[in-house]
Amino acid sequence: MRLPAEPASSEITDPQLYLRRREFLSRTALAGAVALAPALACAEEAEPGRPLEGVKPGPYGTDEKRTPFEDAASYNNFYEFGTDKSDPARHAHRLQTSPWDVEIAGEVAKPGKVGIEDLLRPHPLEERVYRLRCVEAWSMVIPWIGIPLGNVLKRFEPTSNAKYVAFQTLYDPDQMPGQRRAVLDWPYVEGLRIDEAMHPLTILAVGMYGQVMPNQNGAPLRLVVPWKYGFKSIKSIVRIELTRTQPPTSWNVSAPREYGFYSNVNPAVDHPRWSQKRERRIGEFRRRETLPFNGYAEQVASLYQGMDLRANF
Ligand SMILES: Nc1nc2c(c(=O)[nH]1)N[C@H]1C(S)=C(S)[C@@H](COP(=O)(O)O)O[C@H]1N2
Ligand SMILES: [Mo]
């Protein structure tokens, strides 16, 4: 993501060169960044980099080559910790991820605030190897660990008025120093239409590569919506509200001409300032063609039948 005034980092710095140029963050820095362990009885067991046990392979996984963990955990967008790709890995260790409550509000019969352990407990953890395609035209293949969002929402009993789902990231400038600068309207917010939120591809992720989620990747709880540009996959979620009307989203508020509500990956609709036809898979040299809906058209294209995807970008 970038603001209208900023140059495209993908245009000025090839992510691979960038990654090679900088030394990978020390294991200790990464270790300090990992705090939450889902389904843990006590916080003491939440060891850094702790492996997640009992994870079953889930549906929809791609068998494409996985992006190395070191790349996925060091080349990040998480503006709460700075706008440089290396900032989140350097600063996100400040985030206290346990205890962590999530509020479920709005158009549900059973609203409430629940600890993340209670949110997760009834759901078996699944691994989903998904492509994530950033609007900046790079992509990764990441083995996420999570649970389908729809299954979680159903437990709170959405009413028939629930047409959209609004998500909110933690607001705490002490822990998230990037929030002291007005680069975005904080807190970071995102939204999905209810059918997108209930779609089985959409997950709440708590880990990746067999481990508890690194803070820089959105610990303890983030969304992964693989057919949409990466910015829809909001990190470090504290609030989920089911709404009657389409909720505001941070990037749309910041630059409405450039980032729409839907933001489905679409090679046929260029960003006003660059092409979306191709992407650079992190770790590869040659650019590849970007696929409609990021390659998940078979699963999700029907959600948008009859919609003008150029107008609803
Ligand atoms: N709260 C919050 N969530 C966020 C962002 C952010 O700046 N703040 N960046 C988004 C963008 S632009 C992308 S591409 C993905 C990157 O996820 P990753 O670092 O795990 O690859 O996170 C998304 N979620
Ligand atoms: Mo992004």
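**Reading burial and salt bridges in a predicted model**

Modeller: Both faces of strand 7 are covered: Val189, Gly191 and Arg193 are buried on one side, Glu190 and Leu192 on the other. Keep in mind that this is a predicted model.

Colleague: Which strand is joined to strand 7, and by how many bridges?

Modeller: Strand 6, residues 164–169, is joined to strand 7 by 5 bridges. The two run antiparallel. For one facing pair, take phenylalanine 167, which stands opposite glutamate 190 of strand 7. That glutamate is one of the buried residues.

Colleague: Why does isoleucine 116 count as buried?

Modeller: Apply the cut-off again: under 20% is buried. Isoleucine 116 has 0% relative accessibility, so it counts as buried. It is found in helix 6, residues 116–120. Now compare sequence with space. Isoleucine 116 and valine 238 are 122 residues apart in sequence, yet their C-alpha atoms are 9.5 Å apart.

Colleague: Which residue forms a salt bridge with glutamate 279?

Modeller: The test is a side-chain nitrogen of Lys or Arg within 4 Å of a carboxyl oxygen of Asp or Glu. Glutamate 279 and arginine 281 form such a bridge, with the closest N and O atoms 3.7 Å apart. Both residues are buried. They also belong to a network of salt bridges, which links Glu64, Arg131, Arg133, Glu279, Arg281, Glu284 and Arg288.

Colleague: How many salt bridges are found in the whole structure?

Modeller: The search finds 21. One of them pairs arginine 66 with glutamate 127, at 3.6 Å between the closest N and O atoms. The pair links distant parts of the chain, 61 residues apart. Arginine 66 sits in the loop between strand 1 and helix 4, and glutamate 127 in strand 4. Arginine 66 is partly exposed at 41%, and glutamate 127 is partly exposed at 23%.

Colleague: What are the accessibilities of glutamate 241 and arginine 239?

Modeller: Glutamate 241 is at 26%, partly exposed. Arginine 239 is at 23%, also partly exposed. These two form a salt bridge, their closest N and O atoms 2.8 Å apart.

Notes:
Residues numbered from 1 in each chain as written. Chains lettered and ligands numbered in written order. Predicted model: local features only at pLDDT ≥ 70, side-chain atom pairs only at ≥ 80, totals over all residues. Heavy atoms only, no water. Helix = DSSP H or I, 4+ residues; strand = E, 2+ residues; numbered from the N terminus. Buried < 20%, exposed > 50% of the residue type's maximum accessible area, 1.4 Å probe, protein only. Pairing = 2+ DSSP bridges.
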